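Welcome! Take a moment to look over the sequence and the 3D view, and then we can walk through a few features together.

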Amino acid sequence: VKYDNLFKEVAITEGFIKENWNGNGKTVLRNYLRRQPDGETTWMKLQGLVYGKYMHGAEIMPGVANFVFSCKVRNHKIYIVSHKTEYGHFDPEMISLRGEALKWMDTNRFFDPEYFGINNEDVFFADTREEKVNIIDRLNCVWFIDDLSEVFDEKHFPASTKKILFGTHDSDQYQDRMVLNSWRKISEQTMGQITNQDVICWVKGILNHSLEHVEKIPGRGNSSIYKIHVPGEKSYALKYYPD
């Protein structure tokens with residue numbers, strides 16, 4: 001989930017920052033709030049609101065949809081394991097963070113068999129990082145992707161599970177994990193280059209048609225272009241921007 005824009009919007013809506021605050025990104029906002037009087041409490045309140053009441057405004061991280069479709073093409077099993085308490089800190093409305101996360105996934109068609117096709121029984125929530133790591137171990141995951149380095153530092157993280165740390169971390173300080181800053185790179189690392197079958201799966205999610213043929217044609221710059229042949233219809237052009 002991409003929260004960067006949402007954190008700023010909610011902070012303005014709730015009066016934690018002024019509308020003309022010109023910082024960018026979740027980390028910059030967190031650091032700014034923590035420097036204010038009672039800033040740690042303010043930051044915790046904001047987290048609870050973003051992950052609860054305002055969760056519906058969050059976005060899918062670029063590249064995640066393509067990654068999930070590519071897993072689906074290859075019949076790879078996906079589990080979602082989240083360290084998320086039931087309720088947010090200082091939330092008088094007591095909105096279930098887990099319930100809002102499931103609603104967000106449902107709205108974004110994670111559980112739609114004709115789209116992402118993830119089983120909602122394969123979503124797990126943990127109260128602690130230790131519990132999260134135990135779930136990963138129990139599921140016997142081949143790869144685990146996380147943006148929080150501390151998850152991989154947990155004492156009982158399974159040795160057989162390969163670690164991918166997502167984000168702009170310093171890769172030189174880690175020997176036991178791969179640091180990748182885009183879901184395209186994660187997809188390439190775990191599944192290789194995209195194939196025509198991947199493209200067909202993406203297009204089915206958009207057009208809802210059976211496809212006759214996919215042909216890659218010369219593109220420019222950072223995009224790839226595909227010619228899509230649909231029976232009984234004109235051809236389509238698909239332009240794919242990796243990140």
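## Strands and cysteines

Strand β4, which covers residues 162–166, pairs with β5 in the parallel sense over three bridges. Keep in mind as you read that this is a predicted model. Within this pairing, Phe 166 stands opposite Leu 180 in β5.

Now step back to the whole sheet. It is an open sheet of three strands, ordered β3-β4-β5, and the pairing is parallel. In general, strands of a sheet pair through backbone hydrogen bonds, either parallel or antiparallel. The edges here are taken by β3 (143–146) and β5 (178–180); each has a single partner strand, so one side of each is left without a neighbour in the sheet. From one strand to the next, the twist averages 25 degrees.

Next, the cysteines. How many disulfides does the count come to? The count comes to zero, where a disulfide would need a pair of cysteine sulfur atoms within 2.5 Å. Cys 141 is in no disulfide: the nearest cysteine sulfur belongs to Cys 71 and is 12 Å away. Cys 201 is in no disulfide either, with the sulfur of Cys 71 as the nearest cysteine sulfur, 10 Å away.

Are these two residues, Cys 141 and Cys 201, buried or exposed? Cys 141 is buried, because its relative accessible area is 10%, under the 20% cut-off. Cys 201 is buried as well, with a relative accessible area of 14%.

Note on methods: Residues numbered from 1 in each chain as written. Predicted model: local features only at pLDDT ≥ 70, side-chain atom pairs only at ≥ 80, totals over all residues. Heavy atoms only, no water. Buried < 20%, exposed > 50% of the residue type's maximum accessible area, 1.4 Å probe, protein only. Pairing = 2+ DSSP bridges. Helix = DSSP H or I, 4+ residues; strand = E, 2+ residues; numbered from the N terminus. Axes fitted to C-alpha atoms, helices over the stretch in contact; angles between N-to-C directions.
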